[in-house]
Amino acid sequence: MRNYDFKAIEEKWQRVWEENRAFKVERDPARKKYYLLEMFPYPSGRIHMGHVRNYAIGDALARFKRMQGYNVLHPLGWDAFGMPAENAAIKNRSHPATWTFENIHAMRKQIKRLGFSYDWDREIATCRPEYYRWNQWCFLRFMEKGLVYRKNATVNWCEACQTVLANEQVVDDRCWRCDGEVLQKEQEGWFLKITAYADRLLDGLTTLAEGWPEQVLTMQRNWIGKSLGAEVDFKVDGQACEALRVFTTRPDTLYGATFMVLAPEHPMTVKLSRGTPQEADVDRFLSQVARQDKKTRTSETTEKEGVFTGAHAINPLTGKDIPVWTANFVLMDYGTGAIMSVPAHDQRDHDFAQKYHLPIVQVIEPPPGQTLEPGRAFAGDGTMIDSGPFTGLIGEAGRKRIIEHLEVKKIGQAAINYRLRDWGVSRQRYWGTPIPVVHCPACGIVPVPDEELPIQLPLDAHLGDKGRSPLVELPDFLNTPCPSCAGPGRRETDTLDTFVCSSWYFDRFTSPRNEEKLFARSDVDYWMPVDQYIGGIEHAILHLLYSRFFHQVFRDLDLIDSPEPFAHLLTQGMVVKDGAKMSKSKGNVVDPDEIINAYGADTARLFILFAAPPVKDLEWSDHGVEGCSRFLKRVWRIFNEFLDDIRAARPPEPGEPLARELAELRRRTHITIKRVTDDIQTRMQFNTAIAAIMELINQLYTLRDGWSELKNQSGAAGAVLEALETTITLLCPFAPHIAAEMAELLGHKEGASWPAYDEALLQADELLIVIQVNGKVRQKITVNANITEQDLKARSLEDPKIAELVESKAIKKVIVVPKKLVNIVAQ
RNA sequence: GCCGAAGUGGCGGAAUUGGUAGACGCGCAUGAUUCAGGAUCAUGUGCCGGUAACGGCGUGGAGGUUCAAAUCCUCUCUUCGGCACCA
């Protein structure tokens, strides 16, 4: 018998698949499609176990669906723009493109060694002009729709590196690269108006309830942060200036508003204090707040501090004068930058009122059962008290009536606020998509015409930590005639956030080589949405929200039909070792290449699917890997031992009489088909699917001892053949190389379809019944499967051991659970 | 602080509808094979007591519902993740 030579087998089949373009797919409206996608990788240099897990899960599903007859789109590409390439290039005095393409080459090689069933003809890299020209095209369409604008915004700035950092590159207020201090800085840049789609992004989540993890839906919902409430105008006492407008979610507490607070940045803060004795205090306070960085400023634990502005406003309902303060906890970029403070019914206002001795007036009576706690605000719904004509109204009804009143009086109206902010896409970096606009002294900002796309990223830039895009120093790039007036213009030098690339790459996979359009309508409408998307939870908001946003805009541009881009989402758990995420600094990294070299790709894949269900964290175990390697050798050995005896056999006919152990094998075979099918299809639990296959193999091993006699029995070879063929087929999604090799040894061509089980064969002739006395297991008996409930009850009571146990007791009740157990209640 | 997920043998994990807790794998033990080791095959393996038959205990903890609870309810502890002054 040949040994299990995984190296030869894996190289052979990978070559076969490559040469045959085995996983190439085409749009075929006659066939049912299935689009399976894993989040595409950033070409960082080498793959890690997280990648292996991601793609092993995806490939198992892709192969499974393919075997079920679906037309499966399963592509891979590269999220190839981004800062690491630029930083590495600066460090190594090379070019980001060189670094990126070398990494892609190395990682593609590693991934191919794992034997994943990708349609490699569809491979894309977002840093190629053929791809990023469509980023630019999208940007222009967004512009036309009024979804693009420029504004000043606060950005993370690393002094040491002289560059802007993305939020995720700031770790505990320090630069991830040099550990230097990160400051907040105002900088002008481009924004996409994702807030215009807030409601649609929120509403769409309800349609995803079936296919997405609850956790991700909740995170997106919270991130969008929709608040219903009202805007209310407060007149400033004794001054003719405009009223102060506040946003509140609790208009029913308006009678309890005893002071107002403006954000320090609010334009009225300074204005109101001028000419009052508070002028100096306000100025001192504002400069103090300006020194606080954003993170500390917005932390809940930061002490609430404020000063009186010197001005008073009038509570529009009570008509009373209330002081106007300014304080650090009120933010300019949420609501109107001003609040009405109701210290009795908002904890923050309460803390602030107590600190500065401001009046606290209760206007809500807690519902029965709830009481006011001393020192705490009551923030729940309740009955309005001391609220003039509104007294007695409860919760939502009160809010509604107050809003109606405000609208009639024209001093306010219903309003909605979102926590979601517009998406800043400007990067002062080189290695990204050039933003396709020209700044013209005469015409202003002028979009580049479509015919001029792509605006190519020049390759001769001099990189360095200069804090601005190196494109500024390239006159050939920078200077360009204005597309509108042909006068001297200046190209935009900011590049696009790389999240733009990943917001629609899944659409591009449907027409990856299309040169006329970003994708062909027929392709995208056939393949989209992605039926199953798989990736890490770290993208729960960012990438998954941006992509949903792009998809909605594409719908509005009439580019695409499907309502959402990803129908089902699986967020896989981390790969950990010794309880911690694998990382270089912890020294607990396991290199996929080493595992493949030592055990082969099939073992690596099998272990990573067997060790834990996909959604949970996976604890890496070298012993566990050996166990999986041992299992594949065990499969190989038993297969080869039986091979000569079964090669010429045919699987048993339905109902064909078989010897006891052979009938048992058949039953096990069909149970295994059912379990593995359910585990993959409806439960996405590969660990139990693999365990079921292991049980079938264990069953085959029990036949080995008596095989020399058994094999001459009618149907013996057929039953074993059926069991082994089934094992091979069921193993395909997890360990495709060894499965292909064994199928070939049996004389089968590739492309087996997923087996069906015979319902009739799942039933055993005899059942093991548990007998309990007062809920405790006391006996186990084997009975005929067709036994009646009456007979089963009688058999249980007759059992000598049970009879003895209940002898001196009165039998109160006998519960029979068909095919499972009998419980005798006796006292 | 708020929200979410989880807690089961020495370890990873299983138990799909409330119905035999611990499938499968690792580890460990014993035996076979072998000069030996390794590999392989077989058997056993939750804990405590007992040679055994068997009995008791057992799914983070405390209560409860039920003939029956890892699973349902109440309270509580721990761990991990997310959000965190959003008016």
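Biologist: Which hand does the crossing of H19 and H21 have?
Modeller: First, this is a predicted model, where local features need pLDDT of at least 70, side-chain atom pairs count only at pLDDT 80 or more, and totals for chains, interfaces and linings use all residues. Residues are numbered from 1 along each chain as its sequence is written, chains are lettered from A and ligands numbered from 1 in the order in which they are written, and side-chain values use heavy atoms, without hydrogens and water. A crossing is left-handed if the near helix is turned anticlockwise from the far one by less than a right angle, and right-handed if clockwise. H19 passes H21 in a crossing that is left-handed.

Biologist: How are H19 and H21 oriented to each other?
Modeller: H19 (residues 622–646) and H21 (residues 686–702) pack at about 40 degrees, with axes 11 Å apart. Angles under 35 degrees count as roughly parallel, over 145 as roughly antiparallel, 65 to 115 as roughly perpendicular and the rest as oblique. H19 and H21 are therefore oblique.

Biologist: How many residues of the contact of H19 with H21 are nonpolar?
Modeller: Contact means heavy atoms within 4.5 Å. On the H19 side are residues including Phe631 and Phe642, and on the H21 side residues including Ile693 and Tyr701. The contact also has one polar and two charged residues. The nonpolar count is nine.

Biologist: How is H18 set against H24?
Modeller: H18 (residues 601–610) and H24 (residues 736–745) have axes 7 Å apart, at an angle of about 120 degrees. That makes H18, relative to H24, oblique.

Biologist: How many aromatic pairs does a search of the whole structure find?
Modeller: Rings of Phe, Tyr and Trp (its six-membered ring) pair if their centres lie within 6.5 Å. Ring pairs link a cluster that includes Phe142, Tyr197 and Trp423. The search of the whole structure gives 43.

Biologist: The charged end of which residue sits over the ring of Trp17?
Modeller: A charge sits over a ring if NZ of Lys or CZ of Arg is within 6 Å of the ring centre and within 35 degrees of the ring normal. Lys151 lies over the face of Phe191, at 4.6 Å from the ring centre. Over Trp17, 4.6 Å from the ring centre, is the charged end of Arg63.

Biologist: What is omega for the cis bond from Met528 to Pro529?
Modeller: Pro529 is in the loop between helix H15 (521–527) and strand S25 (530–536). The peptide bond from Met528 is cis, and omega is about 5 degrees.

Note on methods
Axes are lines fitted to C-alpha atoms, for helices over the stretch in contact, and angles run from 0 to 180 degrees between N-to-C directions. Helices (H or I, at least four residues) and strands (E, at least two) are DSSP runs, numbered from the N terminus. Ala, Val, Leu, Ile, Met, Phe, Trp, Tyr, Cys and Pro count as nonpolar, Asp, Glu, Lys and Arg as charged, and the others, Gly among them, as polar. Rings of Phe, Tyr and Trp (its six-membered ring) pair if their centres lie within 6.5 Å; planes under 30 degrees apart count as stacked, over 60 as edge-to-face and the rest as tilted.
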